[in-house]
Structure formats: structure tokens, C-alpha cells
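Hi everyone, thanks for making time this morning. I'd like to walk you through one model, so please have a look at it on the screen while I talk.

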Amino acid sequence: MADQQATPVPDTDDGPTEPPKKASRAGRDLPAAIAVGVLLGAMAIGILNFAPKGWLAVLAVAMPIATYEVVRRLKEAGYSLPLIPLLIGGQAMIWLTWPFGPAGLLGAYAGTIVVCMVWRLVGQGLSEQPVNYLRDISATVLLATWVPLFASFTALLIFQDHGGIRTFTVIVTVVFADIGGYVAGVLFGKHLMAPAISPKKSWEGLGGSLFFGITASVLTVAFLLDKPAWVGVPLGLMLVITGVLGDLVESQVKRDLGIKDMGTLLPGHGGLMDRIDAMLPSAVAGWIVLTLLA
């Protein structure tokens with residue numbers, strides 16, 4: 001999600017340089033970020049509206065990219081994760097939701113973890129003792145849960161009644177919460193929310209996220225899903241909270257690794273993982289609320 005308060009650092013170089021480019025108060029290339037966001041949003045709307053099951057193909061392309069971004073960053077920090085089982089297992093999680101639903105997702109996830117544990121154990125041969133095995137497997141389980149498992153909950157939504165609209169509801173709520181957090185944080189942000197983890201997030205930004213996110217959720221639930229408007233309140237609340245927490249989780253991971261972004265694929269955003277960090281846990285929350293209440 002977008003940073004909810006900016007703390008730009010002034011340029012103190014006294015040497016002769018070209019005039020610096022004017023940066024947005026959010027610390028990113030705002031025009032590029034908007035262009036990329038609009039393009040991704042239009043693609044998602046088109047697929048979810050006209051070919052909902054095509055969303056599985058989107059996940060099948062996007063999740064390996066996000067997984068690889070994290071694995072590459074962890075490798076730079078000295079970790080050794082079993083990339084091939086993670087990629088194949090991620091595909092299994094996504095596609096097995098089609099014939100088997102939650103049971104297929106759970107089975108694929110459990111199978112992925114088992115294969116990864118064995119792969120890392122024997123990767124250097126049984127004659128050599130694995131180094132940092134517990135550390136690497138812990139990171140592997142985190143990654144398998146964080147990216148393909150969480151993302152696959154949107155695949156589960158697709159197979160419910162009006163599944164494309166349900167998935168769209170989750171996405172648009174998180175997006176508008178992001179926009180609300182950005183606007184409120186830039187205009188009013190003064191009180192830092194979690195400075196030790198993400199120094200650009202403010203309580204005012206959280207308030208903007210809640211207002212925009214819950215409003216978007218109520219409207220989409222009432223007018224697109226044709227469900228009682230009150231369902232949008234707990235849905236929006238859960239999606240905003242999990243979205244902010246998802247963003248904080250990725251911020252802490254990047255802080256541990258000493259990096260700014262997971263990748264460079266999306267101009268103005270960083271890597272794909274930097275764009276979907278809030279979406280991933282929100283997919284789980286959205287599936288739970290919509291399955292129980294709508």
C-alpha cells in the first residue's frame with residue numbers, strides 16, 4: 001500500500017549538479033505510479049468482468065514473479081530457498097482450486113511444504129550436513145504462505161456466485177484504502193503510526209484508509225453484489241486492517257534485508273511484490289467475510 005506520510009530528505013550536495021527532479025511527497029514517481037496503477041486496474045476489471053476464470057491465469061503469471069523477487073532478495077542476504085518446489089507448488093495451489101476448491105488449495109500447500117523441506121535437506125547431498133536449515137525452511141514456509149497461498153484465496157472467490165464481482169470488491173476496497181491513506185497522510189499526516197517499521201505511515205493516513213476503504217466496500221457490496229450494505233462495513237474494516245498490516249509486514253522484511261524495494265518491475269512502485277503486499281493478506285480476509293456473510 002502507498003506510504004501514508006512522506007519524509008523527504010533534502011539534498012545536501014554542494015557540488016555543481018543538474019537541478020534535481022521534483023519528487024512527490026510520497027517519495028515515488030507519482031505519474032509513473034498512476035499510469036501503472038491504471039493499466040493494472042483496467043486489466044483486472046476487464047478480466048474479472050468478462051472472463052472471471054481468466055483470473056487464475058493472471059495469478060499463475062504474477063505469483064511466480066513475486067515469489068522469485070523475494071527469493072532473489074533472500075539469496076542476496078545469504079538465504080538458500082528451494083525455488084523450483086516453491087514455483088511448482090504455487091502453480092498447484094492456484095490451479096487445484098478449480099476442481100477441488102479449498103481442499104485442493106490446502107493439499108497443494110501442505111505438499112509444497114513437505115517437498116521444500118526434503119529438497120532443502122538433500123539439496124547438497126546426504127553426505128553433507130545442511131547449513132542454516134531451520135532458518136531457510138522457516139523463510140520458505142513464510143514465503144509459501146505469504147505469496148501463493150494467500151493469493152489463491154482470490155481464486156477461491158472466483159468460483160463462488162458472482163465470483164468476478166466478489167474478487168473485484170476485495171481489490172477495489174484495498175485500492176481505495178491505499179488512495180485514502182496516501183491522500184490523508186500527505187495532507188494531514190503528523191502522528192507516526194509505526195516509525196520503527198515504516199516511518200512514513202501516520203494515524204491520519206490510517207483514518208483516510210478506513211474512510212475510503214469502507215466507503216468503497218459498502219458501495220460495491222450494495223450496488224454490484226446486491227447484498228445488504230452493512231456487509232460492506234465489516235468487509236471494509238477487515239480489508240483495511242489486513243492491508244495495512246500486510247504493508248507493514250513487507251516493510252519489516254525489507255528492513256531486515258536492508259533494501260528499499262523487492263524489485264524494479266513496475267515503475268513508480270518497485271517490484272510486483274511491493275504492489276501486492278497489501279492485497280495478499282486482504283485476499284484471505286475478503287474470502288472469509290464474503291463466504292460467511294454474503
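Predicted model: local features only at pLDDT ≥ 70, side-chain atom pairs only at ≥ 80, totals over all residues.

Let's begin with the annotation. The unreviewed UniProt entry places "transmembrane region" features at residues 30-48, 104-122, 134-159, 165-188, 208-225 and 231-249. How much helix is there over residues 134-159? The chain is 96% helix and 0% strand there, with the end C-alpha atoms 37 Å apart. Over residues 231-249, the chain is 95% helix and 0% strand, and the end C-alpha atoms lie 27 Å apart.

Just after H8 comes Gly258, with a positive phi of about 70°.

Helix H2 passes a similar check. Its 23 residues should span 33 Å at 1.5 Å a residue, and the end C-alpha atoms are 34 Å apart, which agrees. Gly78 follows H2, and its phi is positive too, near 100°.

Now, how do H1 and H2 pack? The axes of H1, residues 30-50, and H2, residues 54-76, come within 8 Å and cross at roughly 140°. Angles over 145 degrees would count as roughly antiparallel, so this pair is oblique instead. On the H1 side, Met43, Ala44, Ile47 and Leu48 make the contact, meeting Gly54, Trp55 and Val58 of H2. By class, that contact has six nonpolar residues, one polar and no charged.

Last stop, the charged pairs. The count of salt bridges comes to nine. One to look at joins the side chains of Arg275 and Asp178, at 2.8 Å from N to O. Arg275 sits in helix H9, residues 272-276, and Asp178 in helix H6, residues 163-188, so this pair ties together parts that are 97 residues apart in sequence.

That's my tour, and I'm happy to take questions!

Terms used:
Residues numbered from 1 in each chain as written. Heavy atoms only, no water. Helix = DSSP H or I, 4+ residues; strand = E, 2+ residues; numbered from the N terminus. Axes fitted to C-alpha atoms, helices over the stretch in contact; angles between N-to-C directions. Parallel < 35°, antiparallel > 145°, perpendicular 65-115°, else oblique. Contact = heavy atoms within 4.5 Å. Nonpolar A, V, L, I, M, F, W, Y, C, P; charged D, E, K, R; others polar. UniProt positions renumbered as here; feature names shortened; annotations may be inferred. Salt bridge = Lys/Arg side-chain N within 4 Å of Asp/Glu carboxyl O. Expected span 1.5 Å × (residues − 1).
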